[in-house]
Structures are given as structure tokens and as C-alpha cells.
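Open your viewer, switch to a cartoon display and keep the sequence panel at hand. We will go from stop to stop, selecting a few residues each time.

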Amino acid sequence: MSGKFIVFEGIDGSGKGTIISEIRKFLVEKGIFENQILITAEPTNGFYGKKVRELLNTHVNPDVNAQQFLNLYVADREEHLGKEIIPALKKGKIILCDRYKYSTFVYQLIQGIELEKIIELHNGMAVPDLIFVLDLPVDVALQRIDSDSKRSVKEVFEKKEFLEKVRQEFLSLKEIFPEENIRIVDASKKIDEVTEEIVNILWKKIKEL
Ligand code: TYD
């Protein structure tokens with residue numbers, strides 16, 4: 001079996017983290033060894049990822065720092081690919097990645113960066129085998145964020161109007177990437193149902209050589 005690069009995207013509060021751990025359980029039950037699964041996320045905990053998190057907590061109008069956000073997310077991604085994703089793919093692992101380049105094509109585009117510029121910066125970066133966009137109404141996502149005590153302080157991208165735009169951009173990603181394997185999933189359903197829909201698609205992909 002060859003390695004598989006699976007990405008999960010969606011607005012803040014869409015449940016990516018929970019879904020990823022449910023999928024991991026499913027894979028282990030199917031007999032995949034734990035050391036053959038890599039669960040990872042962007043921004044990472046590396047040098048650039050840490051800088052991003054500092055910036056996310058500044059509460060300045062996000063448009064002001066657009067260029068800085070862009071540079072940090074892209075640098076973080078390059079490091080992530082080089083140090084973790086590509087080596088894991090070479091070892092034949094299944095990579096479950098919480099956010100990837102699509103977040104930049106959504107959030108930084110809304111922050112005012114030109115599409116061409118973002119495309120250029122991502123030239124040659126690995127294309128995932130599958131991308132799941134977890135879609136749900138912003139109000140539902142915000143309720144989830146509010147009820148999560150660890151996330152009581154809202155980051156700059158967690159405001160309602162901003163998230164409405166984010167949701168719409170995620171839904172238009174297929175226009176930017178017609179060749180990529182993007183699947184929109186209704187994430188307002190129960191966790192079990194969302195997981196089931198995803199694993200049905202995922203398992204077929206994993207069994208491909
Ligand atoms: P994330 O780690 O998913 O949020 P948290 O851990 O706080 O739940 O991402 C942090 C924020 O970074 C999120 O609002 C989306 C944003 N983001 C971008 O704007 N561009 C990017 O390229 C990435 C990867 C994330």
C-alpha cells in the first residue's frame with residue numbers, strides 16, 4: 001500500500017480535530033498499525049507556526065497583517081512538507097492533516113492577497129490524494145467554539161462576518177482547483193454520520209495501490 005495524503009479543511013469550529021481522531025480509530029480498527037498513521041496540523045508547532053499563533057492573538061484587524069500572515073503560513077508549510085509530510089509519504093504512511101494550502105487560498109485571499117500571488121507561492125507543493133471540506137453554518141460553528149472552554153478567547157479569524165466569507169470561499173475552492181480531489185461534506189450532522197460519510201470515501205482511496 002502506498003502512502004496517502006489526506007487533508008481536512010473547514011471554518012473554525014467545523015470539528016476537524018474530532019473527526020480526525022474518529023477516523024484514526026476507524027483505521028486502527030481496520031488493522032492499520034498506529035505507526036503507519038501520521039496525524040498532523042497547520043499551523044504546526046514549528047518556528048513559523050509559533051509566530052503565526054502569536055499574530056493570531058494580537059486582535060488587530062486581520063487585513064493589516066495580511067502579508068505577514070501569508071509569509072508565515074507558507075514558510076510553515078514548506079517546513080511541514082520537508083520535515084514531516086514527504087518523509088511520511090515515502091514510508092507509506094496515511095497522513096491525516098488538519099488544514100493545508102486551501103486555508104491560505106481562503107483566509108489570506110479574504111485578507112486581500114492576490115490569488116496569483118498565492119498560486120505562485122504554492123507552485124510544486126504536494127497535492128493531497130483527498131481533501132475534505134467540512135461545511136456547516138457559521139452560527140453552528142460559533143456555538144461549538146463558545147462551548148469549548150479551552151477556546152474562550154476568540155482569535156482574529158473567529159468573528160462571524162469574517163467566517164461567513166470564509167465559508168463561501170471554502171465552497172468555491174473547486175473552481176480554483178478543478179483537478180484536485182476536493183469533497184464537500186455536511187459537517188452540521190452528528191459526528192458519527194460525518195465520520196461515516198468520510199470513511200466510506202477514504203477507505204476506497206486507501207485500498208487503491
Ligand atoms: P487552527 O490551528 O485550525 O486553529 P485552532 O488550533 O485555533 O483551532 O488555525 C488557526 C487559524 O489560522 C485559523 O483561524 C485558520 C488560520 N489559517 C490561515 O489563515 N491560513 C492558513 O494557511 C492556515 C493553515 C490557517
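How do the residues of the lining of the largest cavity divide into nonpolar, polar and charged? They divide into five nonpolar, one polar and two charged. Here Ala, Val, Leu, Ile, Met, Phe, Trp, Tyr, Cys and Pro count as nonpolar, Asp, Glu, Lys and Arg as charged, and the others, Gly among them, as polar.

Before we move on, a word on what is on your screen. This is a predicted model, in which local features need pLDDT of at least 70 and side-chain atom pairs count only at pLDDT 80 or more, while totals for chains, interfaces and linings use all residues. Residues are numbered from 1 along each chain as its sequence is written, and side-chain values use heavy atoms, with hydrogens and water left out.

**Stop 1: the cavity**

Select G10, I11, V133, L134, D135, L136, R167 and F170, which line the largest cavity. A cavity is a set of points, on a 1 Å grid over the protein atoms alone, where a 1.4 Å probe fits but cannot get out; lining residues have an atom within 4 Å of a point. The count comes to one cavity of 30 Å³ or more, and about 40 Å³ of space lies in the largest cavity. Grid points are joined across faces, edges and corners, and the volume is the space filled by probe spheres set on the points.

Two elements each give two or more residues to this lining: β4 (130-135) and α7 (160-171). β4 gives the most, with three residues. Helices (H or I, at least four residues) and strands (E, at least two) are DSSP runs, numbered from the N terminus.

**Stop 2: helix α7**

Now select α7. Its twelve residues reach 17 Å from the first C-alpha to the last, close to the 16 Å expected at 1.5 Å a residue; the expected span is 1.5 Å times one less than the number of residues. Color F162, L163, V166, R167 and F170, the buried residues of α7. They sit on the same side of α7 because they cover an arc of only 140° around the axis. That arc is taken from the directions from the helix axis to the C-beta atoms. Buried means under 20% relative accessible area, exposed over 50%, and partly exposed in between (1.4 Å probe, protein chains only).

Turn to the face away from the buried side and you will find the exposed residues E161 and K165. E164 is also in helix α7 and counts as partly exposed, at 32% relative accessibility. What covers the buried residues of α7 includes β1 (4-10), α4 (101-110), β4, α6 (138-147), α8 (173-176) and β5 (182-186); contact means heavy atoms within 4.5 Å.

**Stop 3: helix α2**

Next, pick α2 (residues 47-56), where G49, V52, L55 and L56 are buried. These buried residues line one face of the helix, since they fall within an arc of 120° seen down the axis of α2. F47, K50 and E54 are exposed on the face turned away from the buried side. Among what covers the buried residues of α2 is α3 (66-90).

**Stop 4**

Select α9 (residues 191-207): its 17 residues should span 24 Å at 1.5 Å a residue, and its end C-alpha atoms are 24 Å apart, which agrees. Its buried residues are V194, T195, I198, V199, L202, W203, K205 and I206, and their cover includes β1, α1, β3, β4 and β5.

Then click I20, which is found in helix α1. Is I20 buried or exposed? I20 is buried, with a relative accessible area of 3%. Draw a distance from I20 to T195: their C-alpha atoms are separated by 8.5 Å, although the two are 175 residues apart along the chain. Not counting residues up to four places away in sequence, I20 touches F8, I39, L96, C97 and D98.

**Stop 5**

Go to F33, in the loop between α1 (16-29) and β2 (37-41). F33 counts as exposed, at 63% relative accessibility. Its C-alpha atom is separated by 9.6 Å from that of K93, 60 residues apart along the chain.

Most residues other than glycine have a negative phi, and most peptide bonds are trans. With that in mind, select E42 and P43: the peptide bond from E42 to P43 is cis, with omega near -5°. P43 is in the loop between β2 and α2.

End at R99, in the loop between β3 (94-98) and α4. Phi of R99 is near 75°, a positive value in a residue other than glycine. At 12% relative accessibility, R99 counts as buried.

Definitions and conventions. On a 1 Å grid over the protein atoms alone, a cavity is a set of points where a 1.4 Å probe fits but cannot get out, and a pocket is an open set with protein on both sides within 12 Å along at least five of seven lines; lining residues have an atom within 4 Å of a point.
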